[in-house]
Amino acid sequence: MVSPPPAAEARAPLRVGPAQRPLMGSQGRHGSPRDGGPGEGEGGEARKLQEGRVVRGKRKKGKGKAGARQGGRGSGEEGKSGPAAKEAAGPGVEAGEKAGPGPEGAAGGSVEERARRTVEGDEGSAGAGKEAKGRDDGKEEERRVTAGRQEDARPGRTQGRGGQAWSRNTGAGGAAMAAAAEEEAAAAAREPPSRPASGPALWRLPEELLLLICSYLDMRALGRLAQVCRWLRRFTSCDLLWRRIARASLNSGFTRLGTDLMASVPVKERVKVSQNWRLGRCREGILLKWKCSQMPWMQLEGDSLYVSQANFILAYQFRPDGASLNRRPLGVFAGHDEDVCHFVLANSHIISAGGDGKIGVHKIHSTFTAKYSAHEQEVNCVDCKGGIIVSGSRDRTAKVWSLASGRLGQCLHTIQTEDRVWSIAVSPLLRKCIMEWEEPHDSTLYCLQTDGNHLLATGSSYYGVVRLWDRRQRACLHAFPLTSAPLSSPVYCLRFTTKHLYAALSYNLHVLDFQNP
C-alpha cells in the first residue's frame, strides 16, 4: 500500500484551521528548498514577526525571564511546550503537531526543527510568563481593592441617638477628618427643618396666621402637636405660643403685670419646670454646713449667692447646674461688730444691718466699705431702692437714709411705731398703701418670698418647714420639712429662682431642685 506524499498530509490542515496560522505551522515545517527551506518563506517571516513580538513584550514588561522560569515547563531544548505555551502559540502549532514529523524529523529533527521548537518554547514561555504576570497583577489589584474597602469602612461608625461619629484614625489626618465630620453634623443640626410638603392644608398657611390659630391651644395640645414632625416641633417651641400659658403658671418668670424676668430662658422650658412646682416634685440637697448655730440671711444675684455668717457676708459662685457651689468664696465683706441681721443688694452695693445698731455700705466690685450708727438698738431689717435706704429697729423706729455719697449717713426722715420693727420694704411701684395677711399656722413665719405673680413661699419657726402657696387658692399646695425634731431650726431666709429654692437654717443651707427632681 502506497502512503500519500507528505505534502498531501501538510495541506489537510489548511481546510480546517484559520487562514494564516496553519500556513505558518505547515510551510515552516515542510517548506521546499526553492522557497528557502524551513527558515525561509512565509513560515520564516512569520517566525521572525513572532520573535519580534516576544522581544517587544519582554522589553515592555521587563520581567520576561522571570515569566519564562515560571511558565517554561516543557520549553527549551526538549522541544516540549506546556499547555500555556500551546495556548500562546495558537492553532498553528497544534496544526503542525497534527501534521506529524517531516523527512528530517524522522531522523530525530534537524537544526531548523530544533530552532523552531526553541522559538515556540520561548514563545510559550513568554505567554506563560504573561499569564503568570497577569495573575500576579490581578492578585495585587485584589489586595489594593480589599485594603481600600477596609480603609473606607474604618474611619467611623454611628453611636447612640445623636448619631455621633467617632474615628479610629490616629494622627493629624484622623483628627482633621473627625473635626470635619463633627462640623458637618453640627451644621446639619443647626439647619432648621423645612415645612412638610404633604399634609393638611392648615400647615401651608402663613406662619403669622398659624401662630394665631395655635395660640388658642392649651399646654397638652401643643405638646401633642410637637410630636408630629421636626418642623412642627420647632414651630410649637415659639415663645409667643407659651407666653399666655406661662403667665397662668406658678413661678414661670412672669410678674402679675406681664414683665418677663427670665427673658434668656425659653418660655416652653419654664412651663415644663413650673409643673414640678405645682406638683411638688423636687430633689433635696445641702449646699453649705456651719459648725455652730447661725442666723443667716442671703440674697441671689445672677450666678452668685451672698450669705451672712456671724459678722461677715460671703459671696459664692454657683456651678452650672445651679444645685451646687464652688467652695471657695469670691469675696468676703466685713465691718460689723456683731452678727449681720439683714442685708440687701442694690446698685452694685451691699446694704447691711447689724446687731451693733449700725448700717454698712459695701461696694461689690471694690474694697470700699462704710458704716454709720443708725439706731440705738440692733437693726432688724433694711431695704434700698432708687437711692433711698430704709431701716427698722428694736427701738420702735423706722428711718429713711440717702445712698448718695455726699449725704451718706444722713437721716432724711424718722417714723415712730408702737412696737419693734421686724420687717420693712420699699414698694416697687412706690404706692402709698399697706397690705396685711393673717398668719394661718400655729408657728411664727420667719420669712416670705413671692415670684411677683401667683407663687408664695414661706418659712416657719419650727422643723424648718417650707410651704408653697398659690395665691389663687386658700389651701397650702405643698410642705417640705427640712429638719427633724433633734435639729429643729427656724427657716431664717429663703430665696428661689424658676428652677431652685434655697433655704437658710441654723446649721445648713438647703436647696430644693425642681429642674431635676
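User: How many salt bridges does a search of the whole structure find?

Analyst: The search finds 8, a salt bridge being a side-chain nitrogen of Lys or Arg within 4 Å of a carboxyl oxygen of Asp or Glu. Bear in mind that this is a predicted model, where local features need pLDDT of at least 70, side-chain atom pairs count only at pLDDT 80 or more, and totals for chains, interfaces and linings use all residues. Residues are numbered from 1 along each chain as its sequence is written, and side-chain values use heavy atoms, with hydrogens and water left out.

User: What makes Lys358 and Asp337 a salt bridge?

Analyst: Their closest N and O atoms are 3.7 Å apart, and the cut-off is 4 Å, so the pair qualifies. Lys358 lies in strand E10 and Asp337 in the loop between strands E7 and E8, so the bridge ties together parts 21 residues apart in sequence.

User: Which residues are linked with Asp337 in a network of salt bridges?

Analyst: Lys358 and Lys371. The Asp337 and Lys371 side chains meet at 3.9 Å, N to O.

User: Why is Asp337 called exposed?

Analyst: Its relative accessibility is 56%. Buried means under 20% relative accessible area, exposed over 50%, and partly exposed in between (1.4 Å probe, protein chains only), so 56% counts as exposed. Lys371, at 42%, is therefore partly exposed.

User: And why is Asp470 called buried?

Analyst: Asp470 has 6% relative accessibility, so it counts as buried. Its salt-bridge partner is Arg472, at 3.1 Å, N to O; Arg472, at 46%, counts as partly exposed.

Technical notes
Helices (H or I, at least four residues) and strands (E, at least two) are DSSP runs, numbered from the N terminus.
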